[in-house]
Amino acid sequence: MSRILHKDVAIIGGGLVGSSAALALRRMGLSVALLDKGFCGAQASGVNYGGVRRQGRPPEQMALSQRAHVIWPRLKEIIGIDGEFVRSGHLKLARTEAEMASLEAYATRVAGFGLDLELIGRNKLRERFPWIAGDIVGASLCAGDGHANPRLVSATFALAARRAGAEVLEHTPVSHVERVPEGFHLSAGSGTEIRARFVVNSAGAWAGTFAEAFGEPVPLGRIYPSMIVTEPLDVFMTVNIGAEGGGIYARQVERGNCIVGGMRAEPTVDLDFSRPTGSGAVTIMNRAADLFPALRNTYAIRCWSGTEGEMSDRNPVIGFSRTTPNLIHAFGFSGAGFQIAPGVGEVLAELIRDGESRTPIEAFTIDRFARMDQGSPAGSVPEARKRETSK
Amino acid sequence: MSDALRPLIVGAGPTGIRAAQTLVDAGIRPIVVDEAAAGGGQIYRQRLVPDERTPRDLYGSETGKATALHETFARIRDRIDYLPQALVWNVQGKAADVAAGGRTRRLNFSHLILATGATDRVLPFRGWTTPGVFTLGGAQIALKSQGCAIGERVVFLGSGPLLYLVAWQYVKAGARVAAVLDTAPFSSKLHLLRGLLSQPGVVLRGFRYAAELMARGVPVHFGVEPDQIEGETRVTGMIWRERGKEHRLACDAVGYGFALRSETQLADLAGCRFVFDGRDRAWRPERDLAGRTSVSGLYIAGDGAGIAGADAAELAGERAGFAVLEDAGLTVDRARIAVLERKLAAIQRFRDVLEAAFPFPDKWANSVDDDVLLCRCEEISIGQARTAAREQEVRELNRLKALTRVGMGRCQGRMCASAAAEILAAAHGQPLEAVGRLRAQPPIKPLPLGIAADGEAA
Amino acid sequence: MALLKRLARHKLPPVTFTLNGKACSGRAGDTVLTAILAETDRLRLSDFSRTPRAGFCQMGACQDCWVLAGDGERIRACSTALEAGMNLRTIAEPRS
């Protein structure tokens, strides 16, 4: 059965970016269709680690990250649940002097952005975080960071958008989108046809085809972060843990389960999905048992992974298309989208309503890849690529 | 035999042992991995050490089958690579991750036969987590393997042939059975008369159990609607309704179950296509009569492939063993295969009779109260699932898990997924198959974080 | 008070262990679940409502019989054989 919907905005991709944009647009009074090929928030937005972290982001993301930072404590009022958000602090560990130097350099680089980073030496770290074992040289604490539950937050943003009047069409993959005189025409699953003045491409790891359809090919790859979760335990892990140089990240939820990541999964035959490898899961488990003695006698009850889009420079694409009026891209969050996504949603809504955003997003233009000659775009030096296998 | 042929059999119950025997007889050396300390599976489970009881005491009318199976396993023991007390916790491609004795290693295989069996299908009702409540299978294991009754005054409840068998075994062993509460009406048992022609032995045995229970003064009630198990810290009584009237009985233990559910996690991880089985009210791996799944080189047989019972499990295990040989291009005994397939088909027809005689309690999903616990691991109530269905428009089982945590705990939904599916289907008045099935995730059972990892093993 | 009632295997050799510090005796061939539930009526408290649990399926599926042994090690009582000298503890303290 075919139907034609007329909307101000069609959003392709019901992850956290698309859902929060849909909600913000509805609050502005615009009509919205939010389309997802599966369930909203079932991909990277819903199955990611759940770090709500500003620390470690490059300076060009800071304004956006700070904008999102004030949204997280207000989730209850915005979407009706707190999403298990806790401002636990984010502690980034240095296992070598070089890593500590890198944390110090980072603290200097972002000094003006209000992260209030606290550098902690070896002895102080032992004293304040005695549950961390191993030869840790020092750490950087961002007390205002925290963590939340992605599977609740992402799905509930979509639900809130629906309750606010957005037309949420799940299991409705967009098969075709084209520019027509009065805006855009989209064809999607179940015979759905949509006319919209604006289109938002927030299709995550699947956004590349839509960008390319409008003459904007992008270096969008896929990564498959994989995680394990323990049985519920006495709460001991009081901060969200990261590591300079990668290899492990961990948090403990209020119910007592510890979530630990640091390895990558493999795509399945269906490249849209991935699954953790057995050896990867055991590697994460062993690293966790080594770093946190409280976990030594405990059990992992599940592991999982997700499919996430990654740009070659690890910065997302956010902003207007350079080829097509009223087309807006927001994808490629490269494994670090969860915290900033609700801020991005607001920015997208502003772009549609006002043609511009009060938050600077110039660093994320889609044409930066066309401008760069094989290396990094001017003004953006990506952090050293984190290696999952580094220890 | 060719080194290239390295079949892995998961499970050493009736299915796994017969599959292994078939391969051994053809000169092939399979790997057999089993969680238990000794072969036999749950149905023919062996004691950890011998005791004064005879096999007849333990296995009753099935003694011949049990001892034959145990003897077969002992006979092929040095012609297989047997890993007892070992858990296959992941399957990917042609390799399985196996944990045993604090170590995990990767086993490569040429063919995989999943003989993973089944566990009790349980439905929650008030008090089902109280100490003293066990599954029917659990009650049977306590008796057979451990020589214990689950209490001094035991009530058995549910629907299925196991209900009468376990109650009878308890009485025979000298336990006091306070009552047998059958959720199906007495009239449903008349369907068994249809089965007299095809499987007279099974049917007559069933009648004998019921008759002996009644002769020994065990009250047997039909058409029972369980209301609650009483007791704060342990079972003190059972309340149910029967023809609209409330009944109450003092007891200190309850064993219950509603037939069985297949263990399908490994088939799922291996990428098998699933189909909905209306009789089992569950999704199960798609397979042909020989046990071939949608994945090349992967076979599934026995109760893990859809509930058919122990006799079928032995036949299907042997048939799957032949399928491996056939697919490897080896000669097989065609006449024997024809016999196996004929017998399996007859049992399949008889399963329809059993299902009619021991029906699922259809009313449960709409009558169970909101505050009853649905997921005993995460402690999520029936009401929370219904609310998610209603207010968040949840229609699919994995979505329910994501939003409510039902099935997210240590047991990965083994104890609650059947019930959760029934609740979700009833909440929207949609067919059971429409709610889907929980996806399996490795490790399929809890795995210690400090487990030592060995490299690849042949 | 015991949950399980022994009907057989009375004459098997005793196997001594401690349960929450108290000296106890099981039988050769007992599982940890049997040994504990022949002494007392619970194995653990549930994770969230802290209500008593005493196992359920006895075949390693329900994961509701985890207890503590030795030096903080966790074991699944139904699928672990009782060994002499085991220092078993039920999970009796609510989680912090």
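Two strands pair if DSSP finds at least two bridges between them. Strands here are DSSP runs of E with at least two residues, and helices are runs of H or I with at least four, both numbered from the N terminus.

This is a predicted model, in which local features need pLDDT of at least 70, side-chain atom pairs count only at pLDDT 80 or more, and totals for chains, interfaces and linings use all residues. Residues are numbered from 1 along each chain as its sequence is written, while chains are lettered from A and ligands numbered from 1 in the order in which they are written.

View 1. R6(C) in β1(C) stands opposite C148(B). Nonpolar means Ala, Val, Leu, Ile, Met, Phe, Trp, Tyr, Cys and Pro; charged means Asp, Glu, Lys and Arg; the others, Gly among them, are polar.

**View 2. An open parallel sheet of five strands lies in chain B.** The strand order is β9-β17-β11-β12-β13 (chain B). Strands β9 (133-135) and β13 (220-221) of chain B are the edges, each pairing on one side only. Within the sheet, β11 (residues 154-159) and β17 (residues 253-258) of chain B run parallel over six bridges. V154(B) has A253(B) as its bridge partner in β17(B). Helix α4 (residues 136-144) of chain B packs on the sheet and touches β9, β11 and β17 of chain B. The direction of this helix makes about 95 degrees with that of β9(B). Axes are lines fitted to C-alpha atoms, for helices over the stretch in contact, and angles run from 0 to 180 degrees between N-to-C directions.

**View 3. Domain 1 of chain B meets domain 3 of chain B.** The assignment for chain B gives domain 1 (7-119 + 261-330), domain 2 (122-258) and domain 3 (364-435). Such bounds come from an automatic or database domain assignment. Five residues of domain 1 of chain B are in contact with four residues of domain 3 of chain B. The domain 1 side has two nonpolar, one polar and two charged residues. The C-alpha centres of domain 1 and domain 3 of chain B are 30 Å apart.

**View 4. R241(B) sits in strand β15 (residues 237-242) of chain B.** Leaving aside neighbours within four places in sequence, R241(B) is in contact with E225(B), D227(B) and E246(B). R319(B) is 78 residues from R241(B) in sequence and 45 Å away in space, C-alpha to C-alpha.

**View 5. H69(A) lies in helix α3 (residues 62-69) of chain A.** H69(A) is buried, because 23 other C-beta atoms lie within 10 Å. Beyond neighbours within four places in sequence, H69(A) is in contact with R54(A) and G144(A). The C-alpha atom of Q43(A) is 23 Å from that of H69(A), and the two residues are 26 apart along the chain.

**View 6. Eight residues of chain A are in contact with seven residues of chain C.** The chain A side of this contact has three nonpolar, three polar and two charged residues. Chain A as a whole contains eleven helices and 22 strands. Its radius of gyration is 21 Å, close to the 21 Å of the globule rule for 391 residues, so chain A is as compact as a globular protein of that length. The radius is taken over C-alpha atoms, and the rule is 2.2 Å times the number of residues to the power 0.38. Of the 391 residues of chain A, 57% count as buried.

Technical notes. Buried ≥ 20, exposed ≤ 12 C-beta atoms within 10 Å, placed from the backbone. Contact = placed C-beta atoms within 7 Å.
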